[in-house]
Structures are given as structure tokens and as C-alpha cells.
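I opened the model with a few things to look up. My notes follow, in the order I took them.

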Amino acid sequence: MQKKLIRITTVPRSMAGLLNGQLKFMTNYFKVIGISSSSDGFLDQVAILQAIKTIPVEMTRKITPVKDLIAVLKLFRIFKREQPFIVHTHTPKAGTLGMLAARLAGVPNRLHTIAGLPLVEATGFKRALLNFVEKITYACATKIYPNSYGLQEIILENKFTTKSKLKVIGNGSSNGIDTSYYDTKLISESEKLKLKEKLEIAPNDFVFVFAGRLVTDKGINELIRAFVNINDEFNNTKLLLLGPYETAIDPLSDTTLEIIKQHKNIITTGWVDDIRPFFAISNALAFPSYREGFPNVVLQAGAMKLPCIATDINGCNEIIINNENGIIIPVKNTKALFDSMKAMYMLPKKVQRQMGERSRKTIVSKFEQQFVWEAILKEYETL
């Protein structure tokens, strides 16, 4: 009889995105159950797409003590009923609640993947509180998996847990990248032409693209300032922003929002289900994030042969080699971002293409999805 594996994320879109295909792969070896919130109605789709049983447990991304306690009690009851061999959590809130409930329920293997630390940008009482919560999560877990080597170092520097509990699986990344899906060959010239016409991008325009949440922590305020300066100098540049605003958690400045709204060469799309065509019509990824675990966007862009401008943070600096497949810049530095965007624009087309080719080669050799899945399965089999 197959042992039970429970995977938990705070919201189902994380389960669908961060673990796309992985849960279905694991059904060959375990009876897989997915637990997440159901408030957006997406959990049922996850069950169908991943071919797994799902159980709704409402969790919030904010600090909500009463709701959090209710979620812990529900998780505890589920674990007692299902008797899983492994509980494996992702995302901060699901990690804390899931690991606490799993320990109380006596689950033998309590695993948590760290894909980023929001507390890095916090200060004062909030930082102290988040540090405390992080330590609780790690104490309740039997194994912690940072999804990058840089993240592992941050965890050790902050003394959240001991080195013996930590392990980076494979070369990093929670799910790897399906390079047969993220491939420029799948996007036809006619499809690219239609999309450019729709977005009013001219044939000779140079397109910088960003994909992700439009929030302060992603460096969007700096990106907008840098782009305005670039566009003043080179008026055939465009900035394509793929992703939703999150005004409740980490809003952009009012000035940034107004510029985005008014600037004729800044294009916003909101959430897109398939970013490949947008990457296919772009010239470079601009990703000035303050913090990451292991950024899927950089993997996806690299697989689509885009040279990347990214900040010198864990994850990004494990994918991008400066001046080889992109440019590495300091965090929160508008001038460095402007200089790198200008440098990328000024590069000969041949050099840009070579950077893009090297980007894809790096992703294929180190972060192919099947390799990552099998590395995680191998880790499960050692338990």
C-alpha cells in the first residue's frame, strides 16, 4: 500500500504554480493529498490538474491569530485521520501552521521548503515577531529545504536552526523548469507579430520585461524610475509589466503608480496565464527584486533565451553569471539598474543572442524539471 504524502501551501495558486506537475509525478510513488485555502475557488482545479485528492483549510497570508489557531486545529484533525508518512509544506504561513500541527499530531517526517524570507525586509517589532515564528516552524520540522544555497546561508546567519537540519536539494529550485515547454520554438512568428500589434510594440522597439507581483519588494519603484530615464534617452524602448498589483500587503508608491498609469511606453497586462509569448517578444528581463528564494521567473526567462538583469541576491546570483548570461546589480540601486539597462540596450544584437543562448544552456543543464523532481523523490525515499 502506498504511503501518504501531504503537501500544503497557503493558497492554491502557489500549489498550482510552484509545484506544477510535481504532485502528479509523486502519485506514482505516494498517495498524495494537497491542502490549501479554497476561498478563490482554485483548489478544485488543482485537484483535477494534479490528479490528487485535495482538502480545503482556510489560511491567510497575514498575521491573524484566531484564524491561524483554527487552521492548526483543522490540520491536526486531518493529520490524525489520514496518518501521513510525510507532511511537506511550502510558503511561510502554511509552513508555520502545517509544521506545528504535524508535530502535535506525531507525523514522523515533517518537511518544509523555504522559497524566500519575507522577514529580510522587515524591521523592529515585526522583524522580531517574524524571527520568532520562523524559529517555531524550523523547530517543529524534522528537515528544512532552502531552495537556494544563498538562502541556506541567510538561515544559518540568523541562527534559525542548525546546519544538520538543512539541505539544498539538487542545484536549488523547488520545482525546476520544463524546458520543453519554455522554448522559443513553440511561439510562431505570426503569434509574436499579432501580440506586438495588440500591445502597440513597433518592430524596432527594444522591450524590457518584468514578470511577477507589482510590489515594492520586487524593486518596481526602482525599475520605473530607471525605465523613465532610459526612455528619455532611447525613445524606442518599452517596459512590459506582467503581473498583478498587491495593494494590501506591499503597495507601490503613489508616484510609481501614477507613472505606470500615464507613461505611454509602459505596458501592463495584469495576471497572464501563459508568459511565453510575452517573453518571446521581449529583449531582456529586468528583475530588480529585493529578496527571493529561487526565482522561477528568472528560470523561465532564461529557458526562453532572454538575457537577464537581476539583483545580487540568493537565487538570482545562482542562475545569472555576470556578463555571461545577464547582468548582476546591487539591490535598491536605481542608477545601477539604469546603467545595466542601458548597457543591455547598447549591446550588439549578436552579443544579446549569445547571452540568451547561454541562459538557456544553463537552465537545461542545471534546473531541468525532471531532474529536480527525481532529486526530491530520492530525498523522500531516504526517510
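Predicted model: local features only at pLDDT ≥ 70, side-chain atom pairs only at ≥ 80, totals over all residues.

**Entry 1: the sheet.** I traced an open sheet of 6 strands. Reading across, I noted β3-β2-β1-β4-β5-β6, and the pairing is parallel.

**Entry 2: the β5 and β6 pair.** How many bridges join β5 to β6? I counted 4, between strands that run parallel, with β5 covering residues 109–114. I looked up two of the partners. L111 is bridged to K143 in β6. H112 has I144 as its bridge partner in β6.

**Entry 3: side chains on β6.** I checked which way the β6 residues point. K143 and Y145 point one way from the strand. I144 and P146 point the other way. Are these residues buried or exposed? I have all of them down as buried. That includes K143, the partner of L111.

**Entry 4: S174.** Next I went to a loop. S174 sits between α7 (149–157) and α8. I asked why S174 counts as buried. Its relative accessibility is 12%, and buried means under 20%, so S174 falls in that class. I also looked for a side-chain partner. The side chain of S174 makes a polar contact of 3.1 Å with that of N147.

**Entry 5: the second largest pocket.** I finished with a pocket. I noted a volume of about 440 Å³ for the second largest pocket. Its lining has 21 residues. Which of them are closest to the centre? I listed A280, S282, N283, K305 and R353. I then sorted the lining of this pocket by class: 8 nonpolar, 5 polar and 8 charged residues.

Entry 6: I looked up where the lining residues come from. Which helix gives the largest share? I have α15 in that place, with 5 residues of the lining of the second largest pocket.

Conventions
Residues numbered from 1 in each chain as written. Heavy atoms only, no water. Pairing = 2+ DSSP bridges. Helix = DSSP H or I, 4+ residues; strand = E, 2+ residues; numbered from the N terminus. 1 Å grid on protein atoms, 1.4 Å probe; cavity = no way out; pocket = protein on both sides within 12 Å on 5 of 7 lines; lining within 4 Å. Points joined across faces, edges and corners; volume = space filled by probe spheres on them. Nonpolar A, V, L, I, M, F, W, Y, C, P; charged D, E, K, R; others polar. Buried < 20%, exposed > 50% of the residue type's maximum accessible area, 1.4 Å probe, protein only. Polar contact = N/O pair within 3.5 Å; in protein donor to acceptor, adjacent residues only side chain to side chain.
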